[in-house]
Amino acid sequence: MTTTIRKIFAPASILICLCVISLLFVELYGAMPEAPAIANPAFKYWTRDPVWDFAKPLMWEVSLLLGPKDRGFIRRDVVDGRTCLGVHVYQDGANDAHNWATVHVRQNLRGKAVKQLFEGTLEIWVYPTFMHQRYQNSAGDPENVFGLEINNGTNLLWIIFSEQASQIYQITRHLVVVINTPLNTWSRREVSIGNYCSEAGWTLPSEAALIFLVGATKGAPGEYAGFFQGIKVISKGPH
């Protein structure tokens, strides 16, 4: 009798598991004809980071690049009534070996996801709190950053959101695009990653890291914070 019950309930248990997985997939990605490029794009689901011992969005990885007395962390914040990803950095300005204090929140994309990212339009909600600054040296290197990084292992693209005139500048294998965005309020921005990379002469990579980034160099000490509410790729429609 026990064996018969097991034979009946084992397939039923498998079916229930498959239904739960399917529902979770729809909840995470939405009912779409194809999986989106970015998983958990609105930071709805969180888990514990085993390395840094704080909460992080599910499917995203966190890297802290800090000097001995710099600080950095992420958390789920509520800003102007919106639940969001908050990225926080303190740069102590000490003359140590670490020029930058940065926090990266990264998702690695491959294959079709990269193609969607580079051929579509990236829609993002951002809340910057500080102005982007550059050093007055010959290269005009950045002093601080709030925005996105696209890293294909060879070249870097920074999309910076700051309340100043939009501009593009380039340093070695590093393209910086500043998009005019008001401080201390939520703004929706659309970014064509593929267009910027094409203009820089970069080819479509097979994989790339999509990174939320906040940081500052030791020449610009202080507290920095920036907030992201959601991000998604709007696929190019049929011709």
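How many residues lie between β8 and β9 in their hairpin, and which residue in the turn has a positive phi? This predicted model counts local features at pLDDT of at least 70 and side-chain atom pairs only at pLDDT 80 or more, while totals for chains, interfaces and linings use all residues. Numbering starts from 1 along each chain as its sequence is written, and side-chain values use heavy atoms, with hydrogens and water left out.

**View 1. The β8–β9 hairpin.** Four residues separate β8 from β9, and G153 in the turn has a positive phi of about 90°. Strands here are DSSP runs of E, at least two residues; helices are runs of H or I, at least four residues; both are numbered from the N terminus. The two strands run antiparallel and are joined by five bridges. I150 stands opposite L157 in β9.

**View 2. The seven-stranded open sheet.** The strand order is β3-β6-β13-β8-β9-β11-β10, with mixed pairing. Two strands pair if DSSP finds at least two bridges between them. β3 (61–65) and β10 (167–171) are the edge strands, each pairing on one side only. From one strand to the next, the twist averages 20°.

**View 3. Strand β9 beside β11.** β9 (residues 156–162) and β11 (residues 174–180) run parallel, joined by seven bridges. L157 stands opposite L175 in β11. S162 stands opposite N180 in β11. Six of the seven residues of β9 are buried (buried means under 20% relative accessible area, exposed over 50%, partly exposed in between, with a 1.4 Å probe and protein chains only).

**View 4. Helix α2 across the sheet.** α2 (residues 112–119) lies across β6 (100–110), β8 (144–151) and β13 (207–217), at about 115° to β6. Axes are lines fitted to C-alpha atoms, for helices over the stretch in contact, and angles run from 0 to 180 degrees between N-to-C directions. The buried residues of α2 are A113, V114, Q116, L117 and F118. They pack against β6, β7 (121–128), β8, α3 (193–199), β13 and β14 (222–234).

View 5. The largest core has 47 residues, and L122, I193 and F212 have the most contacts inside it. β13 gives the most to this core, with five residues. A nonpolar core is a set of buried Ala, Val, Leu, Ile, Met, Phe, Trp, Tyr and Cys residues joined through side-chain atoms within 4.5 Å. Beyond its neighbours within four places in sequence, I193 is in contact with L117, F118, L122, I150, L157 and I159; contact means heavy atoms within 4.5 Å. A second, separate core of nine residues includes I160, V176, V178 and L213.
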